[in-house]
Structures are given as C-alpha cells and as structure tokens.
Amino acid sequence: MKGLMGRVVARSSQLKTLWGLTLLSGAMLLSVGQEGRAAENTEAEAVSKRSQQVARSDREKRQPATTVKEWMAQIEEAEVAEVTEITGVEVNATETGLDLVLQTTGNLETPATFVAGNTFTAEIANAVLALPEGETFERVNPVAGVAQIRVTNVPGGQVRVEIVGMDAPPVAEVTAVEAGLVLAVTPRAGDVVASEDEEVEITVTADREQTNSYRVPNSSTATKTDTPLRDIPQSIQLVPQQVIRDQGANQLKDVVRNVSGVIRADDFAGTGDGFAIRGFQSPNILRDGFRGSQFVSAFSSLAEPANVEQVEVLKGPASVLYGTLEPGGIINIVTKKPLSDPYYSAEFSVGSFSFYQPQFDLSGPLNRKKSLLYRLNGVYENSSSFRDFTQIERYFIAPVLSWQISDQTKLTFNLNYVNDERPFDNGLVAFGDGVADLPISRRLGEPGDFRRYKNLGLGYLLEHSFSADWKIRNTFRADFSDVETQAFRPRGLDETTGILEREFRTTEGQRRSFSLQTDLTGQFKTGSIDHQLLLGIELNRIQEDESGRRIRPFAPIDIFNPVYGAPIPANPPVFFDTAVRLDALGIYLQDQITLLENLKALVGGRFDAIRNETTDNLFAETVTQTDTAFSPRVGIVYQPIEPVSLYASYSRSFAPNVGFVDLDNNPLPPERGTQFEAGIKAELIPGRLSSTLAIYDLTKTNVAITDPRDEDFSIAAGKIKSQGIELDVSGEILSGWKIIGSYAYTNARVTEGDEFLPTGNRPASIPRHSASLWSTYEIQSGTLQGLGFGAGLFYVGERQGDFENTFRLPGYVRTDAALFYRHDNWRVSLNIQNLFDIRYFEVAEFRENVQPGTPLSLVGKVSIQF
C-alpha cells in the first residue's frame, strides 16, 4: 500500500506545475462576473475531484476555492488523499451485453463518464489498480458488439475504464455495490440485435450528437482501423462536430483553419475546396475514405458541413492506404451515421450579406427491434456576399439507411445530392510587388459570370464478422458530376494604364467515378506479440469529359473605373475538348504490432498500378500512360509513461506526371514524396486535454521541369522540400472551458528547378508561420447555466503570391467571437467573423487571382432538437 501511495504522490507532484499554469489561466476567466465565478469554482472543484486532487474525508465541508492560493492549497492536500485499491476485475456475459465488475478493498467514488468516438470512458478518482497479474486489465472482443475493454492506472491517482464499441459507443450503467462497482454494458443497437421472440430495450445515455467534447481520442483515417491517436506514429488532427458548431463554420475552409500546417490554396475562383498541407497543394479531400477529384479543377466542389461528424487531417504521405496522392497529407470528412434512438434537429441561420440557411437532421429506428436505422440531413442556402454582383444558391440532401441483417452482418446504404450555383470570381489583381489598392468588393469579371455544379453520390458499406477476431468490409461509391462555367477571366494587367485584359471562356463537363474497396482485418498473436492485420484491395475508374470555348483578348476593363455590361459572344470557337479515362488498382497490407505494452510498431505497404488514357478530340490524338509504384510506411511508438507517446515514422507517396513527356516522347516517371517525421503526443490533462508536437522533413521529387536540351520537352528532375514544426492542442481545461489551438512553422522551397520553377522560390500562399487559438466557456450551474461565449485568433504570416515570387500577400490576424445560450432542447447563437473588420487576403495562385478575406460579418442561429 505504501508503494502504491508513493506512486500516487509522485505523479501528483509532477502535475503540480501544469495545474498551476492551468489555474492561473482559469483565474482570468473568473473575472466575467460573480455568477459565472461561482459556477466556475463549483465545476473546477468537480474536476479536481476527478483528478485525485481533493481529499475524500473532508470533501463535504470544503468550500469552493475562490483564489489561486486556495486552489494550490487543495492540490497540496490531495497528495495525502485516501486511495482505494481495485484488486480484481471480472467480465461476465449477460443477456444484453456484459457486466464489468471492479472488486475493491473499500468503497469507490462514483466515476466521471464521457463518450468520444466509439469509446465509453469512466474515470475513478482516489483509486489504484493493484491486480495480482499487473497494473493493466484488457479483454479483446469479450462479447459481440464490444471490441475491447481496458482498465489502467493513469496519473493523478485515477483508474480509467475504456469500453470500445465495434461501430458505436456502448451504453454503460454504473452501480455501486458492497466493496466495488459494476458497469452494466450494453452494445449499441446495430451491434447486438434481439432474436425473433424477444425485444431488447436500450437506453442511450450518450450519443455523438449530444457530446460536446473538443477531444476525440480515436481515429480510423490513419490506419483504416479504430486506433487511439496516441498509438499512431504520424501526426493526425481531428476537428469534432462541437468545434464546427461553436465556430459556426459554414465551409470546410473554416473547419481546417484550426489545424496546424493547413492553409487555403487555389480553389478554382472560389468555387471549390483547395488547401495546402505542409507546404504542398493537396486536393486530397476524402469522404469516408473515398477520394474526390484528384486535381483542383472544374470538378472540384465545396464540402457541405451539415452532415459532417468530424474532419480528420492526416499529415504527410498517405499513399500507403489511399493510393495516388500529393505528399502533404489528406483531409477526410467523416459523415454522420444513423442513431439507434429517435433524434430530430432543426435550425435556421440568418446573417450578413443576405445569408439565410435552414437545415434539418433526422435519425432513429424504423422498426421495433432497431435493426433498421436511418439518417437524413438536408440544407438550403441562399446568400449574397461582400463581393459585388454575387448570388449563391445551394441545395443538399443526404439520406443514409443501415440494416443489421444479423449479429455478424450489417449493410449500410448512403446517398447525397448537391446542386450549387455561385459566381466564378477570380478576385482582385496584383500591382507591383503587392495587391492593387481596390475595394475588396470590386469584381473584375462581369455580373453574369457563374459556375453551376451538380453531384449525385451513392454507395454502400457491407460489414461481416467471421469471428470475434476477423472481419471483412466491402464498400462501394459512385459519383456523377456535371459542371458548367461562364466567365470573363483576367489575362494580364497594364499597370501604367490600369487596363486589365480579359478573355471570355465557357466550359462544360461530366465526371463519373467508381470506387470499390475491400478490407480484411484480423487480430492474432505470435507468442507474446499482438498483431492487428489489414489486407485490402481497391479498384477505381474515373471518366472525365470536358470541353471549352474561348475568345481572347476580349472586353478589357479598367480596374480603377470599371464599366460593366460586356456582350456575351455568340458561339465562341472551341479551344479544347478532352476525354480522360483512368483505371487504378491498389493492393495494400498493414500490420499494427504491439511488441510490449508501451512499445508499438506500424508496418505497411501498397502497390499501385495506374493506366491513364487522354484523348484530344480536336486533333483525334490519344496518349496512354501507365505507372506503377510501391509506397511504404514504417513507424514506431514508445510510451515511457501512460500519458506520453514518442514516435517516429517514414512514409512515401506517389502521383503520376500527367501531360509531360521527355525527348523520346515517353511519359515522365511519377512524382514521389518522402517524409521523415518524429514527435510527441501527450495528455496534458489525462482524458481531457491532449497535444501533438511534430517535426518533419518532406521532399517531393521527380517534379517536371524543362529539359535544358529542348524547352519543348521535360525531365523529372525538379525537387521541392518542406521542413517544419507543428503543434496542436485540443480538449477541455476545466469543466465548460474548451480549447483548440495550433502553430506551424513551414519552410517550403524549390531546391532544384528551372526558369518556370525557379530554385529557391517558395510555393504560392504558403506562410512560414501560422497559428490559431479558439476557446469557449459555458457556465455550468446557477441561473446563467447554459450561457457561453467564445473567441478565437487566426494568424497567417506573409506569403508569396505566385510560384514566380513576383508579389507578396501581407500577413494578418483575424479575430472571431461567439455568444450562445442553451436551455433544455433549444440553442441560440451569434457568431462574429473578423470582429475588428481588418483588410486581408486569403489566397493567391497567380497575379490575376487574389482572393480577399471576408470583412466583419455576423450569423445568428436558432436550433432545436428532440
């Protein structure tokens, strides 16, 4: 017992410095008012109880701390708190799931519980796990629907119980018994189904829609298996639904600005999502693991946040699981899934620039056994903009149907449809080595410029468990996109006269993509070593047909004194008409290896074969290009103490050099990305606040540059290098006080180039320094309970405006704010973007394409759920 007490005291001492800093920050929030201060102190005391920082014997008589000095005194007292030993753990199967029994030498406190991802977690204060077999208890697949049970000691004299569901978080009811606790665990409907002659009644105590955490501990994007972030030897950041809701994010660009190293990049004149990750433009946006358009083009689209569960950003090469990709990383949009209990939500938003947006979210069972579930999300948007002559209209609907065929088999169908029309707007222009001094509202095209986009996506997911250890997953997705654009596009500015040359261009195209993925996962042992194996195959076919008409030069405009109303030319000449057919095959293998309890390895590789056929219909010419590549990933994670993970990894990516040939008229070899990464992942406050610090060296080789022997041909000799440091923090500091923040240093430059890719130049729109900090606080008790407020700072440093580095975009700091109130099933909120109405520029790709940032804007929202 003395040894155990010694460990508790030592761990508490290690946390004193961190808690001191936390409490000093907390004192700043206490100045908002006497009512909020009392509520804050009450909740801070509750958090202290969970963290083993108050003595049980005199808890009832202690008053809430009102100063930092009193708080520090309570931390000192916590070092001698009574600790109850948990001497045994039993797992007993029941009709509805299982009972987890914790046997003790005394009475345990009621645990604090929360749900994140598929994991139900209970944290028990003033306790220590003292089993004859060691300080960790673990069971894998104890019953159908439960993937893992894990009971461990954590710093601060606590015991953590984690119960991981297969496809959804389980329900657990906690009951105190003599000398112990019993957790009655019921897998969520959809994992366990009643037989024909009985009915299972499940009470859901926590749903994903009802969680408000900024911290999500698990992800499947990095490994295609549900894996704790701390066990992944690569930087991955998650932006959960609560952050999206609190910030009032209406586009994907507003979501990913919370992640280090992710910067807005070329977005096809404001009509699509374009981002750069770790210095490389990465149109690698996935939806539930399926890739969209490979390049930023007419087929790029804007993701809809209305049905987003969370956004996951994996940094660095990801070809090991997802094939042809740029090396910077991927953004995976995880969509909402059907719920087992009725859930209905409706909200209406109205804001600046004639913005209004109604949306709904419906879910629940379709039969008494809850084996058939549905989800339906819909949204309509109609708005103007701070930019002249802007009218946006957008429809989106996404139904999902899930059928639990048997205990072992589940089938899910999904569909989404979007219809989007908005201006094709190239923004402002560069002037000298900066941006022209024009009103940010000024359009340099014509009022009738537009881009219309329609997309229908549909697919299915079939899952079958052969046993508790082996499972197969087959999923299919098809997308059908149609696009049409018409715009007066800029061609070049005469800075002496202010006259901007333009061209008139129209395009239309169709894109059809089909993707089939099959994954086999299994768990097994080789001696004392645990393995989680993934074997997969992926088939892709993409068909794109696009044509364009153009007149150039046509209808120039004076940028300082524009006169609009240029005539629309009749039947301009066709200048391109192409058909692209791409077929791809990928086979991948991955092994997650647990060498020791605190030492884990990740080894994987993927072989890809691609055939790309491009036909120029104007000249009746077809070029066929085939590429093969092997993309490995190797990583290791060492956890010297429970809350800290040290990791290192090596990974590669590849992408075809489409459209470039050498002197012998042969296609160039594919571009390759190579990354070395190391970092630290830590729980700053166990179970509440986590962080990742990463350092990386990322190089992209085989970049096409001009052949010095003949400028009409190319060689794969270019090289772009990016080195940097990234820091991300997210979670809850005190009850009700949440935070998400990031910082990135990105040193990206061309190390081997030519006159078109000059050596030493920096990529367009990539700052050396960028950072973000967003925090909210919600009063937890008293008459003002449910009232909350938030504020955020978003910093982007100075950037080059184009790859030739002929002009620069100035750095900026944008301030956002939020005010919200939640009562019963109602929530009202007000979000303010660009609180101080600064003038800033978000992105540029060339001198005639500079996108200004939104000025001061407000959006109010009313929502109800039942």
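Tyr638, Leu646, Ile680, Leu693, Ile695, Ile725, Leu727 and Tyr743 make up a nonpolar patch on the surface, and their accessible area together is about 640 Å². Strand 38 (689-707) and strand 39 (710-734) are the elements that give two or more residues to this patch. The structure is a predicted model, and the protein in it has six helices and 49 strands.

**The surface**

- Tyrosine 638, one of the residues of the nonpolar patch, is placed in strand 35 (residues 621-638).
- Tyrosine 638 has a relative accessibility of 39%, and it therefore counts as partly exposed, since that class lies between the 20% limit for buried and the 50% limit for exposed.
- The protein as a whole has an accessible surface of about 34200 Å², and carbon and sulfur atoms hold 56% of that surface.

- Of the protein's 866 residues, 57% count as buried.
- In soluble globular proteins, nonpolar side chains tend to be buried together.
- The largest nonpolar core here contains 25 residues.
- Val89, Leu100, Leu102, Val161, Ile163 and Leu183 are the residues with the most contacts inside that core.
- At least two residues of this core come from each of several strands, among them strand 1 (84-93), strand 2 (98-104), strand 8 (158-165) and strand 10 (180-186).
- Strand 4 (119-125), strand 5 (127-129), strand 6 (136-143) and strand 7 (146-154) also supply at least two residues each.
- Not counting residues up to four places away in sequence, valine 89 touches Leu100, Val101, Leu102, Leu129, Leu131, Phe137 and Val151.

- Serine 765 sits in the loop between strand 40 (737-752) and strand 41 (769-778).
- Serine 765 has a relative accessibility of 1%, so it counts as buried.
- With neighbours within four places in sequence left aside, the contacts of serine 765 are Ile263, Arg264, Arg799, Gln800, Leu809, Val843 and Ala844.
- Glutamate 778 is found in strand 41.
- Glutamate 778 is buried because its relative accessible area is 10%, and buried means under 20%.
- Gly736, Gly786, Leu787, Gly788, Phe820 and Arg822 are in contact with glutamate 778, again leaving aside its neighbours within four places in sequence.

**Salt bridges**

- Side chains of opposite charge can pair when their charged atoms come close.
- The model contains 53 salt bridges.
- One of them joins the side chains of glutamate 726 and lysine 315, at 3.0 Å from N to O.
- Glutamate 726 belongs to strand 39 and lysine 315 to strand 19 (residues 308-315), so this pair ties together parts that are 411 residues apart in sequence.
- Both glutamate 726 and lysine 315 are buried.
- Lysine 471 and glutamate 463 also meet through their side chains in a salt bridge, at 3.4 Å from N to O.
- Lysine 471 is buried, as is glutamate 463.
- Glutamate 732 forms a salt bridge with arginine 688, and their closest N and O atoms are 3.4 Å apart.
- Glutamate 732 is in strand 39, while arginine 688 is in the loop between strand 37 (671-685) and strand 38, so the pair ties together parts that are 44 residues apart in sequence.
- Arginine 688 counts as buried because its relative accessibility is 6%.

**Contacts along the sequence**

- Among contacts in the protein with a separation of 6 or more, 66% are between residues 24 or more positions apart.

**Confidence in the model**

- The protein has a mean pLDDT of 86, and 86% of its residues reach 70 or more.
- Confidence is highest in strand 41, at 98, and lowest in helix 1 (residues 2-29), at a mean of 38.
- Over residues 1-64, pLDDT stays under 50, and the model has 127 contacts beyond four places in sequence for this stretch.
- Over residues 190-210, pLDDT also stays under 50, and the model has 49 contacts beyond four places in sequence there.

Conventions: Residues are numbered from 1 along each chain as its sequence is written. This is a predicted model: local features need pLDDT of at least 70, side-chain atom pairs count only at pLDDT 80 or more; totals for chains, interfaces and linings use all residues. Side-chain values use heavy atoms; hydrogens and water are left out. Helices (H or I, at least four residues) and strands (E, at least two) are DSSP runs, numbered from the N terminus. Buried means under 20% relative accessible area, exposed over 50%, partly exposed in between (1.4 Å probe, protein chains only). Contact means heavy atoms within 4.5 Å. A nonpolar core is a set of buried Ala, Val, Leu, Ile, Met, Phe, Trp, Tyr and Cys residues joined through side-chain atoms within 4.5 Å. Patches are made of residues with over 30% relative accessible area and no salt bridge: like charges are joined within 9 Å, nonpolar side chains (Val, Leu, Ile, Met, Phe, Trp, Tyr) within 5 Å. Accessible areas come from the Shrake-Rupley method with a 1.4 Å probe; for residues, only the protein chains shown count as cover. A salt bridge is a side-chain nitrogen of Lys or Arg within 4 Å of a carboxyl oxygen of Asp or Glu. pLDDT is the predictor's confidence in each residue, from 0 to 100.
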